[in-house]
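Welcome! Have a look at the structure below, and then we will walk through it together, one part at a time.

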Amino acid sequence: MEPKPSTTPSSFTDQQVFPGDVVLDLSKMANQTIKLGGGLRQDGDVISVMKAGKLRFSKPNKYWVESSNKRYVPSAGDNVLGIVVDAKADNFLVDIKGPTLAFLPVLAFEGGTRRNIPKFEMGTLLYVRVVKANTGMNPELSCMDASGKAAEYGPLKEGFMFESSTGLSRTLLSSPTCPVLETLGKKLAFEIAVGLNGRVWVNAASPSIVVLVANTIMKTESLSPVQQKIKVESLMQRMR
Amino acid sequence: MEQRLGSTWRMTVNEKKFIETALLSDLRTDGRGPFDYRNLTIQFGSEDGSSEVQLGQTRVMGFVTSQLVQPYRDRPNEGSLAIFTEFSPMADPSFEVGRPGEFAVELGRIVDRGLRESRAVDTESLCVVAGKWVWSIRIDLHILDNGGNLVDAANIAALAALLTFRRPECTLGGEDGQEVTIHPPDVREPLPLIVHHLPIAVTFAFIGNESTVVIDPSHFEEAVMGGKLTATLNTNGDVCAIQKAGGEGVMQSVIMQCLRIASVKAADITDKIKKAVGLDGGVVEVAHERYESGLWTLILKNGGVWLLILLTNWSSKEAFCSFTLLHLLEKLRNKTFVLVGKAAWKGVNNLSKEMEKPKMKTEDRSINQDDMEIEIHSSKKDGSSLGDNKPKAFTGGPSSWDPYSKGVNVDELKASLASRAVVTPKEEMDTSPPLKPATDESLKDADPAPSSQETAGTTEHTNEAKTLKDAVKPKHKRKKKKNLHHLFETLLETRLSRCCNVNLLCSLELAIVACN
């Protein structure tokens, strides 16, 4: 694709872009602050794409490239599901499906002091937030939100976790609620935690519901919204 | 080191508990019951002897090759079978390139034991010159994707590859009969291996403390299980091998139950394999049809088997009963058979419509005559023993050669081996005089017939030797793309007895199409 610097980035928004595409020409835009998310890079006066995917824009000024992978590239501000691998003096080593293990400081819990360090055994599933993620460094995590509250972060008990692609996670987290979850939620009662790194955790009162929800989500990943609804209905019929 | 840690798959505490709890209510994470297998698909590559098996997420590829080598000292007249496994790192992050790990060796051993100890593959037929040259069969198993239960998938891949493998034919020559000439495939049809039975591996996983047993464990379940048991059985009810390496102890009653379940599953899987390879007498396809100067040529296809039928003076095709045909094809499957002479099949009027249902190539078929003679390639030079007024059998393998029927007649086997894969038995197919499509009767008649043929078969072998030698015409008859017409005429005129593997007919079909 030829580089087409444009003043109106909307021509590229929601379009497939490839590494090397120039999507913005800063010299043509005056006095605007633009926030760049993952997959974009500033090269002097132009913004060029580094990762293949869809270009996304959110008001007022944030741009990023979105693609669906099985591997996760940590970026700050994401909520992910991690698995504890090891516990060191200062932090826990947590696997978040990225290129390296992430560090979760021992004190990064609400009301955490040296005296009440939580004890996580190997294999504990945690819902955490990525605080810092720079290339080449181990990402840093936290079990608190930006204001210091616990806010649902922490270990997840029971239930069942499965791994899928990052695209699926984003679909599940989109608003309005994605059709699969909506249709499932109408009939079944379950709890779900979605990590942007492709991990999804489901819990419900009985194992059959959990299995149903998990398999439905996995199977309907590649279907269109209408198809998803139909497929979910049929799967639920079968389980009855 | 951290890099590697980052890419391995990890198990959470939650999953372990969940899998165990779910199993208490007989539910598995992918919705299966405890004794359900995942979807099994078997596909074949373009070469003989290559197969790819998909069991759920698990994918294994099998590849069979052969080579002439010197035999082992203590077994001078047996060929050898060797299994090599390759665990590609793309299958699982824990697989590494280079030397096979412990699990890889174990998998290789299980498959090897199932095939070798149970004598599933006949190694004596692989001998060319006793003490000097034998065929060595090498099976390579490549693991492409590890979704759990590699042993079963690898076993199926090995079996499927063995069943479709063809080794080159070789003859002895030279002054002292010690020189071996290997014939390339376009000169002489390659031969299939003799596989007596199919040993199927069935794996059980023991999860949790109450010894809950599940069959065909998935990746999750394998990580959680306390112990594993693999039982290799065949459809005859023989236990070929059992492997239980370490892990939790289980009660004897549990093991017996597992074996019972395994025998049921083995039957299922054997059916699937046979269907995939084309040995089940399923759909009969008419691959090609042609009418020329009073001669009808039909190439029929049943799975992997091709059959050439030359018909003269036949009535409408309805008379050719599908049952009959399937039954005959069953016998002919993967066997070499010899052209003999005319076998008259009079009195059958209507070929069944089965012939028309499957896809047919063009050709005009509006011939209606009363008499039908099927020129069948059978192995008797003199048609006398065939009788005149009885519809004759396709002579192909004797039904006792069918490795999938109960047991193999050992004497028959030895005799036929001695004559180097020439098979001659005939069946008498009795269709009742009324001009009706052959019914099940004929089928039943044909079945008991084999036993009477055995003796007939053996006596013929001595004749065979002679007829073959002077009958085997030089290679020009076998070339593909030879003028088909010419070929047919020669066949008709001279009534050649030739060794003609069924697969040769593939090439004839090409010729037919080419001539068209």
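## Chain A at a glance

In this predicted model, chain A has 240 residues, and 46% of them count as buried. Its secondary structure comes to 4 helices and 16 strands.

## Chain B at a glance

Now turn to chain B, which has 516 residues, with buried residues making up 54% of them. If you go through its secondary structure, you will find 12 helices and 21 strands.

Among the contacts in chain B with a separation of 6 or more, 74% are between residues 24 or more positions apart.

## Two helices packed within chain A

Let's start with a pair of helices in chain A. Helix 2 of chain A covers residues 179–187, and helix 3 of chain A covers residues 207–219. Their axes come within 10 Å and cross at roughly 155°. Angles over 145 degrees count as roughly antiparallel, and therefore helix 2 and helix 3 of chain A are described as roughly antiparallel to each other. The crossing of these two helices is right-handed.

Which residues of helix 2 and helix 3 of chain A meet? On the side of helix 2 they are A:Val180, A:Leu181 and A:Leu184, and on the side of helix 3 they are A:Val213, A:Thr216 and A:Ile217. Sorted by class, this contact of helix 2 with helix 3 of chain A has 5 nonpolar residues, 1 polar residue and no charged residues.

## A helix pair across the two chains

Helix 3 of chain A also packs against a helix from the other chain: helix 2 of chain B, residues 13–24. Here the angle is about 115°, and the axes are 9 Å apart. The crossing of helix 3 of chain A and helix 2 of chain B is left-handed.

The contact brings together A:Pro207, A:Val210 and A:Val211 from helix 3 of chain A with B:Phe18, B:Thr21 and B:Ala22 from helix 2 of chain B. By class, the contact of helix 3 of chain A with helix 2 of chain B holds 5 nonpolar residues, 1 polar residue and no charged residues.

## Two helices packed within chain B

Helix 3 of chain B (residues 102–116) and helix 4 of chain B (residues 150–164) have axes 10 Å apart and pack at an angle of about 45°. That angle makes helix 3 of chain B oblique to helix 4 of chain B. The two helices cross in a right-handed way.

From helix 3 of chain B, the residues in this contact are B:Phe103, B:Leu107, B:Ile110, B:Val111 and B:Leu115. They meet B:Leu150, B:Val151, B:Ala154, B:Asn155, B:Ala158, B:Leu159 and B:Leu162 in helix 4 of chain B. The residues of this contact between helix 3 and helix 4 of chain B divide into 11 nonpolar, 1 polar and no charged.

Is A:Glu152 buried or exposed? A:Glu152 counts as exposed, because its relative accessibility is 71%. You can find A:Glu152 in the loop between strand 12 (140–142) and strand 13 (154–155) of chain A. Its phi is near 75°, a positive value in a residue other than glycine. B:Asn149 is not a glycine either, and has a positive phi of about 55°. B:Asn149 sits in the loop between strand 6 (133–145) and helix 4 of chain B, and counts as buried at 1% relative accessibility.

B:Asp122 lies in the loop between helix 3 and strand 5 (127–129) of chain B. With a relative accessibility of 12%, B:Asp122 counts as buried. B:Asp122 and B:His196 are 74 residues apart along the chain, while their C-alpha atoms are separated by 6.9 Å.

## Cysteines and disulfides

A disulfide is a covalent bond between the sulfur atoms of two cysteines.

A:Cys178 counts as buried at 4% relative accessibility, and B:Cys258 is buried with a relative accessible area of 1%.

Conventions:
Residues are numbered from 1 along each chain as its sequence is written. Chains are lettered from A and ligands numbered from 1 in the order in which they are written. This is a predicted model: local features need pLDDT of at least 70, side-chain atom pairs count only at pLDDT 80 or more; totals for chains, interfaces and linings use all residues. Side-chain values use heavy atoms; hydrogens and water are left out. Axes are lines fitted to C-alpha atoms, for helices over the stretch in contact, and angles run from 0 to 180 degrees between N-to-C directions. Angles under 35 degrees count as roughly parallel, over 145 as roughly antiparallel, 65 to 115 as roughly perpendicular and the rest as oblique. A crossing is left-handed if the near helix is turned anticlockwise from the far one by less than a right angle, and right-handed if clockwise. Contact means heavy atoms within 4.5 Å. Ala, Val, Leu, Ile, Met, Phe, Trp, Tyr, Cys and Pro count as nonpolar, Asp, Glu, Lys and Arg as charged, and the others, Gly among them, as polar. Buried means under 20% relative accessible area, exposed over 50%, partly exposed in between (1.4 Å probe, protein chains only).
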